[in-house]
Amino acid sequence: MGIWQKVLEKISYQISKPSFDTWFKKTTAEFVEDALTVYSSSEFTIDWLKEKYSTLIAESVKEVTGEDYSIHFEVTEENEKLASIFPNAYFESSPNDTDSISRLERKIDRLEQKIQQLIDVKRLDERAEQLEERISKLEEQVK
């Protein structure tokens, strides 16, 4: 069972079956690093999930994974097609090319930010080494 299915199972115990079926049954999700994107084919559903269930989703994800994820919501038409073909299945991610490209672009952006942070840390480490060397030389001069 995938992470999203486990999250959905937790949520299904906390809200009524009609509410679950209306708002969550046809959703899919993708976990990428520290972000969760919830997908639905309906803009209205996405708005409702965002407004009414963001906290419940975040808490359920934390219970299942032990981690805090930033939660995002997106509309995708692909879910509706998949749900009509497999009405009792949940899908971890949408194979829609446009959605995939957007997710990859976001992942690249996050990786670029992390690389920049690592470069900054490396520069700080090098600067710290230089300062330690200067301190050592000054301490020798003082002796």
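**The start of a helix**

Modeller: At the start of H3, a side-chain oxygen of Ser42 comes to within 3.2 Å of the backbone nitrogen of Phe44. Please keep in mind that this is a predicted model.

Biologist: What follows H3 at its other end?

Modeller: Gly66 follows H3, and the phi of Gly66 is positive, near 80°.

Biologist: How far apart are the end C-alpha atoms of H3, and what would a straight helix reach?

Modeller: The end C-alpha atoms of H3 are only 27 Å apart, although the helix has 23 residues. A straight helix would reach 33 Å at 1.5 Å a residue.

Biologist: Where does H3 bend?

Modeller: The bend is at Tyr53 and amounts to about 75°. Tyr53 is also one of the buried residues of H3, which include Leu49, Leu56 and Ile57 as well.

Biologist: What do the buried residues of H3 pack against?

Modeller: They pack against H1, H2, E1, E2 and strand E3, which covers 70-75.

Biologist: Turning to H1, how does its span agree with the number of residues?

Modeller: Helix H1 covers residues 3-14, and its 12 residues should span 16 Å at 1.5 Å a residue. The end C-alpha atoms are 17 Å apart, which agrees.

Biologist: Which residues of H1 are buried?

Modeller: They are Trp4, Gln5, Val7, Leu8 and Ile11. Seen down the axis of H1, these buried residues fall within an arc of 155°, so they line one face of the helix.

Biologist: Why would residues a few places apart point the same way?

Modeller: An α-helix has 3.6 residues a turn, so residues three or four places apart point the same way.

Biologist: And what does the buried set of H1 pack against?

Modeller: The partners are helix H2 (17-23), strand E1 (28-32), E2 and helix H3 (43-65).

Biologist: Is Trp4 buried or exposed?

Modeller: Trp4 is buried, because its relative accessible area is 0%, under the 20% cut-off. The C-alpha atoms of Trp4 and Val64 are separated by 9.0 Å, while the two residues are 60 residues apart along the chain.

Biologist: Let us move to the strands. What does Thr37 touch?

Modeller: Thr37 is in strand E2, residues 35-40. Not counting residues up to four places away in sequence, Thr37 touches Thr28, Ala29, Glu30, His72, Glu74 and Arg106. Thr37 counts as buried, with 6% relative accessibility.

Biologist: What about Ser40?

Modeller: Ser40 is found in strand E2 too, and is buried with a relative accessible area of 4%. From Ser40 to Trp23 the C-alpha distance is 9.0 Å, and the two are 17 residues apart in sequence.

Biologist: Which residues does Ser70 contact, leaving aside its neighbours within four places in sequence?

Modeller: Ser70, in strand E3, is in contact with Asp34, Ala35 and Leu36 when those neighbours are left aside. The side chain of Ser70 also makes a polar contact, at 3.2 Å, with the side chain of His72.

Biologist: How accessible is Ser70?

Modeller: Ser70 is partly exposed, with a relative accessible area of 34%. The C-alpha atoms of Ser70 and Glu33 are separated by 9.7 Å, and these residues are 37 residues apart along the chain.

Biologist: Where is Glu33, and what is its phi?

Modeller: Glu33 is in the loop between E1 and E2. Its phi is positive, about 55°, although Glu33 is not a glycine. At 33% relative accessibility, Glu33 counts as partly exposed.

Biologist: Which residues does Arg110 touch?

Modeller: Glu33 is among them, together with Val32, Asp34 and Ala35, not counting residues up to four places away in sequence. Arg110 is found in helix H5, residues 97-142, and is buried at a relative accessible area of 18%.

Biologist: Finally, how many helices and strands are there in the chain?

Modeller: There are 5 helices and 3 strands. From the N terminus on, they run α-α-β-β-α-β-α-α.

Biologist: What share of the residues is buried?

Modeller: Buried residues make up 29% of the 143 residues in the chain. The accessible surface comes to about 9800 Å², and 52% of that belongs to carbon and sulfur atoms. Among contacts with a separation of 6 or more, residues 24 or more positions apart account for 66%.

Key. Residues are numbered from 1 along each chain as its sequence is written. This is a predicted model: local features need pLDDT of at least 70, side-chain atom pairs count only at pLDDT 80 or more; totals for chains, interfaces and linings use all residues. Side-chain values use heavy atoms; hydrogens and water are left out. Helices (H or I, at least four residues) and strands (E, at least two) are DSSP runs, numbered from the N terminus. Buried means under 20% relative accessible area, exposed over 50%, partly exposed in between (1.4 Å probe, protein chains only). Contact means heavy atoms within 4.5 Å. The expected span of a helix is 1.5 Å times one less than its number of residues. The arc is that of the directions from the helix axis to the C-beta atoms. Accessible areas come from the Shrake-Rupley method with a 1.4 Å probe; for residues, only the protein chains shown count as cover. The bend at a residue is the angle between axes fitted to the seven residues ending there and the seven starting there. A polar contact is a pair of N or O atoms within 3.5 Å; within protein, one must be able to donate a hydrogen and the other to accept it, and residues adjacent in sequence count only if both atoms are side-chain atoms.
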